[in-house]
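Visitor: I am new to this one. Please show me how to read it, feature by feature.

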4 protein chains.
Amino acid sequence: MTVRIGIIGAGIMGTDHARTLQRSVSGATVTAVADPVQDRARAVAVETGARCFSSAEELIASPFVDAVLIASHDSAHAEQVIGCLEHRKPVLCEKPLAPTVRECQDLVDRQNAITGGIPLISVGFMRRFHPGYRELKARLEEGVVGQALMVLSSHRNVTTSPGGDSASTITNSGIHEIDITAWLLNSAIESVSWHAPRTTALDSSRQDPQVLHLRTADGVLTSVDVFLNARYGYDVRCEVVGETGTVELARPHLTTTSRGLTESRSYAADWRPVFADAYRLQSQAWIDALISGTRPPLATAEDALAATRVAQALVASMNSGGATITINHPQPTVEGSSAGGKLERTPTHVR
Amino acid sequence: MTVRIGIIGAGIMGTDHARTLQRSVSGATVTAVADPVQDRARAVAVETGARCFSSAEELIASPFVDAVLIASHDSAHAEQVIGCLEHRKPVLCEKPLAPTVRECQDLVDRQNAITGGIPLISVGFMRRFHPGYRELKARLEEGVVGQALMVLSSHRNVTTSPGGDSASTITNSGIHEIDITAWLLNSAIESVSWHAPRTTALDSSRQDPQVLHLRTADGVLTSVDVFLNARYGYDVRCEVVGETGTVELARPHLTTTSRGLTESRSYAADWRPVFADAYRLQSQAWIDALISGTRPPLATAEDALAATRVAQALVASMNSGGATITINHPQPTVEGSSAGGKLERTPTHVR
Amino acid sequence: MTVRIGIIGAGIMGTDHARTLQRSVSGATVTAVADPVQDRARAVAVETGARCFSSAEELIASPFVDAVLIASHDSAHAEQVIGCLEHRKPVLCEKPLAPTVRECQDLVDRQNAITGGIPLISVGFMRRFHPGYRELKARLEEGVVGQALMVLSSHRNVTTSPGGDSASTITNSGIHEIDITAWLLNSAIESVSWHAPRTTALDSSRQDPQVLHLRTADGVLTSVDVFLNARYGYDVRCEVVGETGTVELARPHLTTTSRGLTESRSYAADWRPVFADAYRLQSQAWIDALISGTRPPLATAEDALAATRVAQALVASMNSGGATITINHPQPTVEGSSAGGKLERTPTHVR
Amino acid sequence: MTVRIGIIGAGIMGTDHARTLQRSVSGATVTAVADPVQDRARAVAVETGARCFSSAEELIASPFVDAVLIASHDSAHAEQVIGCLEHRKPVLCEKPLAPTVRECQDLVDRQNAITGGIPLISVGFMRRFHPGYRELKARLEEGVVGQALMVLSSHRNVTTSPGGDSASTITNSGIHEIDITAWLLNSAIESVSWHAPRTTALDSSRQDPQVLHLRTADGVLTSVDVFLNARYGYDVRCEVVGETGTVELARPHLTTTSRGLTESRSYAADWRPVFADAYRLQSQAWIDALISGTRPPLATAEDALAATRVAQALVASMNSGGATITINHPQPTVEGSSAGGKLERTPTHVR
């Protein structure tokens, strides 16, 4: 069985997703692509053998599309996800699910109303599929370091793209740390505060770096530095300090070179080499679930809503000089859980 | 287009290959499996949805099989590969292609006779697809360390499986080092010598470890230690020392754990986690080539023949107290080259 | 010329100092030792060939003592330092110089009054002599990472000794981080805040770990976690993140051992092996300065006063639920500077 | 008690030794220096406060010299050591003790004749005092990796100094590896062979690199590559592979810097920073033994003789195309042992 995928958005992310699904994922074929910029859509279509659609709506409605991957502009996500819900098609939406808590909540509510709790929406928090983070979580669950007490993380990019401000640092980049922290610790983030180191002179558009404090329901304090103009390389670090030890992500590199009185290892220039495997495994897990009719083990709409709430609270902390902000997550319903498990029936939209 | 694969041999290797092809490779489906041990074949068939065949011959002949993966006992390889050649079906044969130089030569000759030089045979020297070795080779080719002078490699297994002797250490394990060295340096191995450290008391069936010297046509000396009862972990190392620097494989690990006054990183217990990606990428490259009708970028029958010659020379050195043995590789023909490139016509056997 | 040292306090620290001065420092000899516990004093005396004194006062006054090293109980430091000032004898006092800001200020004032600004007091913030920290500081000063923006540090002990509470974590352990941060950045700490991760169940006497935020006059934010029951090992980390890169302490280890599927490196059980070289180099620098009649390049009484102010501010932050506390350092006088330089005259007390 | 040292040779090595003894070693003072180049001698004399002597003979004979450190040209060592023996003065001679086996043997014989077995001669194989090698040896002796089977070492310099040939690579550089291997394994080297990788084009005066095989009496095979024009940095590696694991020297570095898509660590440009501590500790151990009247725990004349025999055998192997050469070490006498232990009487020459 082959799942026919329609890709909405043919920028860097959409193109990467299309290639991965077409070339490196078992059971998937890219049959459709849509992008307001026709040339970008056409390039992906040529490369994958897909058909170009002139609009996201048409693509979603097409009988040649079993499931949809959304990699369009953040502002378009909500409407496109609603389209997928209305056509009862599974959708993998890039993060953020939607820019605001209100929109995310609306998507969660609509999904509940339309499917009665069967999740059609998955969200691209791909770090959950990164082998390093998975090993880290497995070690924690084996208890090798005892009860977690503190998490120290770093999220460093080489440079910012044009546009963006101090708030978008949180909502676009910090949100990965928010999601992965709750996932690693199996505990919701209940309060946050925002802190500012000296800001780099190399980007006048925002406070950069920022230090985010996240406190989860289990009492663990996570301190994350997010630095978008770190210059030196794309670098993601995470150490969980427990009662009897610590476990941390190893720095990924394949080779070591020695020359000119220096032993050196390369950093990636952006997230793609670091998380290529995570994207592939996330897509494979999504396709596998669609084929087997099980709940996709990806981040859910509820997870995305929770992360967006936390991001908003961090923005509020930033705007109030670093105050501690408490988050009121509503009680999750059983259907909203991200736990796996066989669905009652195979969704009809996968052929 | 989907390539329908028949798997011959449902042991550890065959089962792993079947899973990888079925679950993680785009464009492949496992439709057939054969193994003298019916229960093993049935287990793989159930898991992948393939059909069981009672013999390798039947499987090769089946119209539901476009291409064959051989993971049977070494002694059966040659006959099964011949079957594939006769049915004009592409075959990916696990290493060794065949245990003896004579058999390997016979397979090369038959392929030339049957296909007129179009390679049907690929050989599973999967290290060529390991991202670490590929980065190592890329660095060398970029010239970051200048002309290579010396290679220092280690091949360490945890324990030996029953059976095997000092010669099989070379022909089964050392052969990976032989192939990867010639590939890394783009230079044929022209002479060898064999050296014996103190042997471990933990395996009385063989000299273990062994040190192999391989001298390539470019004058580079490679020293490899092969230690099958290294106990501490599965460990493959490689450093290329050049005129202006060195480049070496990094030790792979995903996380670092600290507890009990120790900072530690895990070794794999065997080759599978270390080379899982290499197997997947090798299979994907094979399938991609079959679909596009291009020459598979895998090790060829000629590469396997060359490696077997070198292994035999090392056995001869061992049997003569460590003498230096010169290898006479015949001039390779154009068809025998492992270089890529579009074939003249798409093989008819892929539907 | 040999400087005759009297050691006050023959506990772990005093014994180590005595051994180092006697065995590994050029130009020093330990001639006197005093400790309320006579047996401890006697043990050190026997080992070094020194003479036992029944009281600190007598030792300080002895004509056979040119300079004094104080490693007694914290509560006794101030009085003993005053004794040294009165006898015009150079003194190296273990940190903390004195437990309270008031006492430290008093010592600074008395030194100014007695010597007119010639520093007799040095304070044992030995990290300033650790080769790793010195290389870190040198790299910063070479500008390899540009303007510093953020410092991330960790201070982890294996277990706490009996006694102590959340405040003593700051005043005894955190104070090292306070001093080294100001020294590394060449900038005074101007405000602080205190943060509490989940506390370990393994020590009910205090909040452990703690996260300390230190903001220096240059705007850099330093985040330090201090974890006294970290269990896994004695571990000190420091990363300075600058505008164009980062520089961090390497983890110190001499060998790597592989066995049992694990590659491992040892942690020290306490600070002594990690900082043995720092103590030796600090003592050597002190002795060299005494012999040459130059200003000792060690932390000064003023440095210790500044660190104590910061520690008290952190305690205040802790007691007020994590509020940001601003520190008012008085303007330093020229004499209070820790800069080196030839003194006007050789102190008469060194023979 | 202070040992008054005379330094013969005021080149790089002699100057470093003089500084270390004067500034960083307890119980030593440099009182005399001699060098045929008067300016060099004078520079050291000024720096240390020592007196210049116009000849090695005068210096050795001086009543103001208790012990002698020889860092002169290799060719002068034997005669100067004989001078020390004749004056019954302890001498620490830089390696090689003497260039030829015959001369070394002569020194051993003379020492036996003159002192009746009490060793006056120590030899500067300083690696034995390197904390890394000491930890490596300690681990082996604790049995953490079981019986040693194989040692893999590398000795890499940045460039050669003018002069020298393929033989001097062995006798000047390789000799360190020879001594440390026998010391690490507590086993004499009994046979050797010499192997040539492709030689670098950057030094036409010698084969470079070289691979040396050393087989110790315990059956362990050591493979050392010695590469004097390695360019990339001064780098010494050593891994001992045992029956149950491996233990290896960690690469020494104090900090890690990240910038420009690269994580990097520095190599030293030559041996001095790497072995500074080893030289200091060796000198301290020598002085401590002189003061306490015990046998110095440094390499002995017998050790140097053994290393020179092995080096000569390697030169013979090189000259015979890599043949395996067996070494006949004479039975060591009790006096020739490098074991420690209290001497019968304190040598009279130390005041």
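Visitor: What share of the residues of chain A counts as buried?

Guide: First, a caution: this is a predicted model. Burial is judged by neighbours: a residue is buried if 20 or more other C-beta atoms lie within 10 Å of its own. In chain A, 56% of the 351 residues pass that test.

Visitor: Which secondary structure elements does chain A have?

Guide: Count helices and strands separately. Chain A has nine helices and 16 strands.

Visitor: Why is chain A called as compact as a globular protein of its length?

Guide: Compare its radius of gyration with a rule for globules. Chain A comes to 20 Å, and the globule rule gives 20 Å for 351 residues, so chain A is as compact as a globular protein of that length. Its C-alpha trace spans about 55 × 55 × 40 Å along the principal axes.

Visitor: How many residues does each chain give to the contact?

Guide: Look at each side in turn. Chain A gives 28 residues and chain B gives 28 residues.

Visitor: Which strand of chain B is joined to strand 13 of chain A?

Guide: Look for bridges, then for direction. Strand 13 of chain A is joined by four bridges to strand 12 (residues 246-249) of chain B, and the two run antiparallel. For one position, find Thr255(A): opposite stands Leu249(B), in strand 12 of chain B.

Terms used: Residues are numbered from 1 along each chain as its sequence is written. Chains are lettered from A and ligands numbered from 1 in the order in which they are written. This is a predicted model: local features need pLDDT of at least 70, side-chain atom pairs count only at pLDDT 80 or more; totals for chains, interfaces and linings use all residues. Two residues are in contact if their C-beta atoms, placed from the backbone, lie within 7 Å. Two strands pair if DSSP finds at least two bridges between them. The radius of gyration is taken over C-alpha atoms; the globule rule is 2.2 Å times the number of residues to the power 0.38. A residue is buried if 20 or more other C-beta atoms lie within 10 Å of its own, exposed if 12 or fewer, and partly exposed in between; C-beta atoms are placed from the backbone.
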